[in-house]
Amino acid sequence: MSDESGKVSEEEYVLMDLDDVARHIDIPSDAPYTLSGLDTLNPILTIDGKIKLVGEYLETIGTCLAFSDKEVLAAENQTPHKTVEPVAKLHKILKFRLALLDNEDGETRATTL
C-alpha cells in the first residue's frame, strides 16, 4: 500500500488475545475502547473508560491466518451456507492482562491471573 507521498507502507495485523481477561471479567461486545502505545513493548487497552489492560507481544510459531465468513443466500431448494475467505497473515499476538493501578513512578504493570 502506498500513501500520498508515494512511500510504500506495510500493513501489519496483530491478534488481540483477551482470553485470560475474559475469564475473570465481563467485557460488553459494544463497549468503546482505546488502544494506545502500539509501538511500545506493553500497549495499553482501556475498555469503556473503566477496564485497563496491559498487553505483551508474543511471536507466533509459523504463520497464523485470519479469516472472515459470509453467509451466502441460497436458492429456494438449497440450504444457506457460509463462505470463508482469508483476510490476513498474523505474525504477532498481543496478549492482554488486567493492569494494576499505576505505581509511584507512573508505570502501569500487568497482574498475573
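A residue is called buried when its relative accessible area is under 20%, exposed when that area is over 50%, and partly exposed in between (1.4 Å probe, protein chains only). L53 is buried because its relative accessible area is 0%. The model is predicted, so local features need pLDDT of at least 70 and side-chain atom pairs count only at pLDDT 80 or more, whereas totals for chains, interfaces and linings use all residues. Residues are numbered from 1 along each chain as its sequence is written, and side-chain values use heavy atoms, with hydrogens and water left out.

L53 lies in strand 4, residues 51-72; strands are DSSP runs of E with at least two residues, numbered from the N terminus. With residues up to four places away in sequence not counted, L53 has contacts (heavy atoms within 4.5 Å) that include L18, V21, I47, F96 and L98. The C-alpha atoms of L53 and K95 are 9.6 Å apart, at a sequence separation of 42 residues. I47 in turn contacts I27, A31, P32, Y33 and L53, leaving aside neighbours within four places in sequence.

A nonpolar core is a set of buried Ala, Val, Leu, Ile, Met, Phe, Trp, Tyr and Cys residues joined through side-chain atoms within 4.5 Å. The largest such core has eight residues, namely V21, A31, L45, I47, I51, L53, L94 and F96. At least two residues of this core come from each of strand 3 (44-47), strand 4 and strand 5 (81-98).

Strands pair if DSSP finds at least two bridges between them. Strands 4 and 5 pair in the antiparallel sense over 16 bridges, and Y57 stands opposite L94 of strand 5. Strand 1 (residues 13-17) pairs with strand 5 in the parallel sense over five bridges; K92 in strand 5 is the bridge partner of V14.

Note on methods: Helices (H or I, at least four residues) and strands (E, at least two) are DSSP runs, numbered from the N terminus.
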